[in-house]
Amino acid sequence: MLDADARERFLRHILLKEVGAQGQLKLLSARVLVVGAGGLGSPVIQYLAAAGVGLLGVADDDRVALSNLQRQTIYRDEDVGAAKIERAVAFARSLNPHLRTVAHGEKLDRGNASRIISSYDLVVEGIDSFAGRFSINAACIETKRPLISAAIGRFEGQISVFKPWAGAALPCYRCLVPEAPPREEQVNCAEEGVIGPLAGVIGSMAALEAVKEIVGFGESLAGRLFLFDGLSSSARVVKLPRDPGCADCGRIDRR
Ligand SMILES: [Zn+2]
């Protein structure tokens, strides 16, 4: 049952027939891990805290830098130098004091990803490391946790949902990106810049996909890649095929 505070706080959700009180109860019992408390993580943390997920975990080992403030909107000028997880969790709790939070001050890698992810129902990832993404992808497959993966660069963004065990044709992140690009390309990518509001566009979409997965309405982006171009203000959705020889999902059991 929703108490009086929850009925008022989440009224605009409850009014939606696709969500309703039952959907809000699902959100209130959901455990979501946000990996990366940066440009994409900021709106994800903000909207999931506001939407009333029960438990929000945040994983990041970075500190707030002055150059982050152009797009990482949960941090303020006075936060420069502070640990991101500490300030991100404080921000989320100030938005919704009923929220339970867990701060993971470490990078997710092959050694710890499965252990950390297994405590959650769903993972939203917005990091800039291919090695980290591969570790998270493999751990999400192993633990059967849906993975919402988003990326931005310059004026373009992309997002998809990966849960290859849920359907014979569904891909994982590694089906889309089999190997990390050469190091020079990755360095260029980090130095090429990104337009600030793009983090809000794509990060907010990641939060929306998370809510859809938890409540179970609408059409999931699983098997599809949403591509946004901020220069032309246009978007398209392309089918993402499964790679039968994929190193991460090639041999798993599928429904
Ligand atoms: Zn795969």
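This is a dialogue on reading a predicted model of one chain.

Biologist: How many of the residues count as buried?

Modeller: Burial is a matter of counting neighbours: a residue is buried if 20 or more other C-beta atoms lie within 10 Å of its own. Of the 255 residues, 40% count as buried. As for contacts between residues at least 6 apart in sequence, 68% join residues at least 24 apart.

Biologist: Which residues touch the most other members of the largest nonpolar core?

Modeller: That core has 67 residues, and those with the most contacts to other members are V32, V34, I45, L48, V123, A206 and A210. Helix α10 gives the most to this core, with 10 residues. Take V32 as a case. Leaving aside residues up to four places away in sequence, V32 touches L48, V53, L56, Y120, D121, L122, V124 and A210.

Biologist: Which residues are buried in helix α3, and why do they line one face?

Modeller: Look down the helix axis and see where the buried positions point. In α3, residues 20–28, the buried ones are G23, Q24 and L27. They fall within an arc of 100 degrees seen down the axis, so they line one face of the helix. What they pack against is α1 (4–9), α2 (11–14), α4 (41–51) and α10 (196–215).

Biologist: Turning to strands, how many bridges join β2 to β3?

Modeller: Check the pairing, then the direction, then the connection. Strand β2 (residues 55–59) is joined to strand β3 (residues 100–104) by 5 bridges, and the two run parallel. Between them the chain passes through helix α5 (residues 84–95), making a β-α-β crossover that is right-handed.

Biologist: Is S160 buried or exposed?

Modeller: Locate the residue, then count. S160 is in strand β6. It is buried, because 26 other C-beta atoms lie within 10 Å. Apart from residues up to four places away in sequence, S160 touches S149, L221, R224, L225, F226 and L240. For a pair that is separated in both senses, S160 and I85 are 75 residues apart in sequence and 24 Å apart in space, C-alpha to C-alpha.

Biologist: What is the phi of R154, and where is R154 found?

Modeller: R154 has a phi near 50 degrees, which is positive, and is not a glycine. R154 sits in the loop between β5 (147–153) and β6 (156–162). With 14 other C-beta atoms within 10 Å, R154 is partly exposed.

Biologist: Which loop holds S233, and is S233 buried or exposed?

Modeller: S233 lies in the loop between β7 (224–229) and β8 (234–239). Its phi is also positive, about 50 degrees, although S233 is not a glycine. S233 is exposed, with 8 other C-beta atoms within 10 Å.

Definitions and conventions: Residues are numbered from 1 along each chain as its sequence is written. This is a predicted model: local features need pLDDT of at least 70, side-chain atom pairs count only at pLDDT 80 or more; totals for chains, interfaces and linings use all residues. A residue is buried if 20 or more other C-beta atoms lie within 10 Å of its own, exposed if 12 or fewer, and partly exposed in between; C-beta atoms are placed from the backbone. Helices (H or I, at least four residues) and strands (E, at least two) are DSSP runs, numbered from the N terminus. The arc is that of the directions from the helix axis to the C-beta atoms. Two residues are in contact if their C-beta atoms, placed from the backbone, lie within 7 Å. A nonpolar core is a set of buried Ala, Val, Leu, Ile, Met, Phe, Trp, Tyr and Cys residues joined through C-beta atoms within 7 Å. Two strands pair if DSSP finds at least two bridges between them. A crossover is right-handed if, with the strands pointing away from the viewer, the path from the first strand over the helix to the second runs clockwise.
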